[in-house]
Amino acid sequence: MVVAIAGAHGKIAMRLTRILTERGDDVVGLIRNPDHAADIGQGGATPAVCDLEHATVDEIAQTIKGADAAVFAAGAGPGSGAARKLTMDRDGAVKLLRAATEAGVRRYVIISAVGAESPPDGDDTFAVYLRAKAEADEAVRASDRDWTVVRPGGLTDDQGTGHVRVQGEPFRGQVPREDVAAVVGQLLPAPRAHGRILYVNGGDEPVDQALERALSAT
């Protein structure tokens with residue numbers, strides 16, 4: 001499987017790249033900063049400098065052409081203002097989605113956030129962030145791609161436990177980024193994950209069992 005990951009230098013994306021390359025998948029890592037290319041290459045992926053905020057849809061499509069799947073793991077990041085939440089977390093995700101359609105990339109996974117199901121009003125940065133995520137998710141859901149929306153709770157840099165809770169209904173909690181990456185790695189090739197919104201947090205079940213339970217639920 002060839003997987004294009006936007007935001008490839010991010011903490012979830014770097015962990016996901018390792019998971020995918022170790023099992024034999026090829027990864028194209030989209031990055032904004034050329035200085036990050038060496039890190040992407042050392043992780044086993046092919047770096048591709050492509051700034052989603054400024055690249056055209058056609059330019060992004062050319063970058064991901066030939067991939068089997070696209071993963072949106074990018075984001076404006078902590079410390080950024082409300083404006084970049086819109087241009088990156090929303091508009092960047094939508095541009096990647098349009099590029100995937102143009103390039104014929106069928107599979108599309110977006111890493112969103114719990115709270116995007118009912119984002120708050122207000123102009124504070126976090127409210128804008130959740131609305132940006134919600135609007136990006138809605139665009140993905142309205143598309144004809146084989147999509148999955150992943151909504152983790154509070155992200156931590158703790159070592160992954162390999163145990164999570166996954167379900168289709170919202171719930172809050174915390175989860176190591178490594179475990180989110182493990183969930184995404186397993187659902188990427190899973191047809192039953194198409195058209196699903198999955199909430200992920202720390203839990204007691206091994207990743208494969210938790211995902212199987214969630215995908216078996218009606």
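A salt bridge is taken here as a side-chain nitrogen of Lys or Arg lying within 4 Å of a carboxyl oxygen of Asp or Glu. By this rule, 14 salt bridges are counted in the structure, which is a predicted model.

Among them is the pair formed by Asp157 and Arg177, whose closest N and O atoms are 2.8 Å apart. Asp157 is placed in the loop between β7 (154-156) and β8 (163-167), whereas Arg177 belongs to helix α6 (residues 177-187), so that the contact ties together parts that are 20 residues apart in sequence. The two partners fall into separate accessibility classes: Asp157, with a relative accessible area of 42%, is partly exposed, while Arg177 is buried, because its value of 18% is under the 20% cut-off. Asp157 and Arg177 are, together with Lys11, linked in a network of salt bridges.

A salt bridge is also found between the side chains of Arg192 and Glu212, with an N to O distance of 2.5 Å. Arg192 lies in the loop between α6 and β10 (196-202) and Glu212 in helix α7 (residues 207-216), and the pair therefore ties together parts that are 20 residues apart in sequence. Arg192 is partly exposed at 43% relative accessibility, and Glu212 is likewise partly exposed, with a relative accessible area of 38%.

A further salt bridge joins Arg213 to Glu205, the closest N and O atoms being separated by 2.8 Å. Arg213 counts as exposed, because its relative accessibility of 55% is over the 50% cut-off.

Technical notes:
Residues are numbered from 1 along each chain as its sequence is written. This is a predicted model: local features need pLDDT of at least 70, side-chain atom pairs count only at pLDDT 80 or more; totals for chains, interfaces and linings use all residues. Side-chain values use heavy atoms; hydrogens and water are left out. Helices (H or I, at least four residues) and strands (E, at least two) are DSSP runs, numbered from the N terminus. Buried means under 20% relative accessible area, exposed over 50%, partly exposed in between (1.4 Å probe, protein chains only).
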